[in-house]
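The paragraphs below go through the helix pairs in turn.

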Amino acid sequence: MPETSPRRPGAVASLRPRGALPDYLRADIVPVVPAMIAGWGLAGMYLSLGPSVAAGLLELHNRLIGGVVVMLLAGTGAIAIALLRSRPAPSLLAPSSALLGLGTLVSLAGTTWNLAWLAAVGTVVAGFGFGSSVLATFGTFARLARPHERSAIFALANIIGYLENSVPAVLGGIAVTTLGLTTATKIYALAIAVLTFTALVLRLNQTRTQRRTGVTSSR
C-alpha cells in the first residue's frame with residue numbers, strides 16, 4: 001500500500017516506541033476509552049476465569065468446555081467484525097457498549113442461577129458486542145487521527161487494550177484466592193457492566209451535543 005505520510009529524517013529515532021493523544025482528539029476519544037477497557041477486560045476475564053467458572057460454578061468439568069467458553073466470546077466477536085466491517089465506527093459505539101453490558105449481565109445471571117444455556121447466550125451477546133466494540137474503538141482512532149499521528153495514537157490504543165486484557169485478569173486471579181470464585185466473578189462482571197453503560201451514556205451525550213450544536217466530524 002502507498003505511504004500516506006510524508007518522509008521525515010530520523011529513521012533510527014522512529015524506532016523508539018511512542019504513544020500520544022493530541023489535545024484536539026480528547027473530546028472524541030473520551031467516550032471510546034471505557035468501551036475499550038470493558039471489551040478487553042471482558043476478554044481477559046474469559047481467558048483467565050472462564051474455564052474455572054464453567055467447572056466450579058456451572059459444574060461442567062469436561063476440559064473441552066473451557067475452550068468452548070472462550071470460543072463463544074472470541075468466535076462471535078470475529079463474526080461480528082466480519083459482518084459489520086463496512087459500518088461507520090460512530091454508529092457502532094453505542095450499540096456495542098449496550099451489547100457488551102447486557103451480555104455480561106446475562107452471563108452473570110446464568111452462572112449465578114447455574115443455568116449453562118443462559119450463560120452461553122449471554123456470552124454470545126457479549127461476544128457480538130466485543131467484536132463490534134473493537135471496530136468502533138479502533139475505527140474511531142483511525143477516522144479522527146491525521147496520517148502522521150496514527151502510529152503514536154494506535155500505540156496508545158494498544159497499550160490501553162493490552163493493559164486491560166492483562167491487569168484485571170491478574171487481579172481477578174488474586175481475588176479468586178482471597179474472596180472466592182463466585183464473589184470475584186460477580187465483582188469482575190459488574191465492573192465491566194458499569195464501564196459499558198458509562199461508555200453508552202457518554203456516547204449518547206456526545207451525540208446529543210453534536211446534534212444541538214450542529215457539529216459533526218469532517219474526517
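**Helix packing**

Pro90, Leu93, Ala94, Ser97, Ala98, Leu100, Gly101, Leu102, Thr104, Leu105, Leu108 and Thr112 of H4 are in contact with Thr185, Lys186, Ala189, Leu190, Ile192, Ala193, Thr196, Phe197, Ala199, Leu200, Arg203 and Leu204 of H7. Contact means heavy atoms within 4.5 Å, and helices are DSSP runs (H or I, at least four residues) numbered from the N terminus. By class, the contact of H4 with H7 has 16 nonpolar, six polar and two charged residues. Here Ala, Val, Leu, Ile, Met, Phe, Trp, Tyr, Cys and Pro count as nonpolar, Asp, Glu, Lys and Arg as charged, and the others, Gly among them, as polar.

This is a predicted model: local features need pLDDT of at least 70, side-chain atom pairs count only at pLDDT 80 or more, and totals for chains, interfaces and linings use all residues. Residues are numbered from 1 along each chain as its sequence is written, and side-chain values use heavy atoms, with hydrogens and water left out.

Helix H4 (residues 89–112) packs on H7 at an angle of about 160 degrees, with the axes 9 Å apart. Axes are lines fitted to C-alpha atoms, for helices over the stretch in contact, and angles run from 0 to 180 degrees between N-to-C directions. H4 is therefore roughly antiparallel to H7, a term for angles over 145 degrees.

H4 also packs against helix H5 (residues 116–144), at about 155 degrees and with the axes 7 Å apart. That angle makes H4 roughly antiparallel to H5. The residues of this contact divide into 16 nonpolar, 13 polar and one charged.

H7 (residues 181–213) has H2 as another partner, at an angle of about 160 degrees and with the axes 10 Å apart. H2 and H7 are therefore roughly antiparallel. Among the H2 residues that meet H7 are Pro34, Gly41, Gly44 and Leu49. By class, the contact of H2 with H7 has 15 nonpolar, six polar and no charged residues.

Leu49 is also the site of a kink of about 55 degrees in H2, shortly before the proline Pro51. The bend at a residue is the angle between axes fitted to the seven residues ending there and the seven starting there.

Terms used: Helices (H or I, at least four residues) and strands (E, at least two) are DSSP runs, numbered from the N terminus. Angles under 35 degrees count as roughly parallel, over 145 as roughly antiparallel, 65 to 115 as roughly perpendicular and the rest as oblique.
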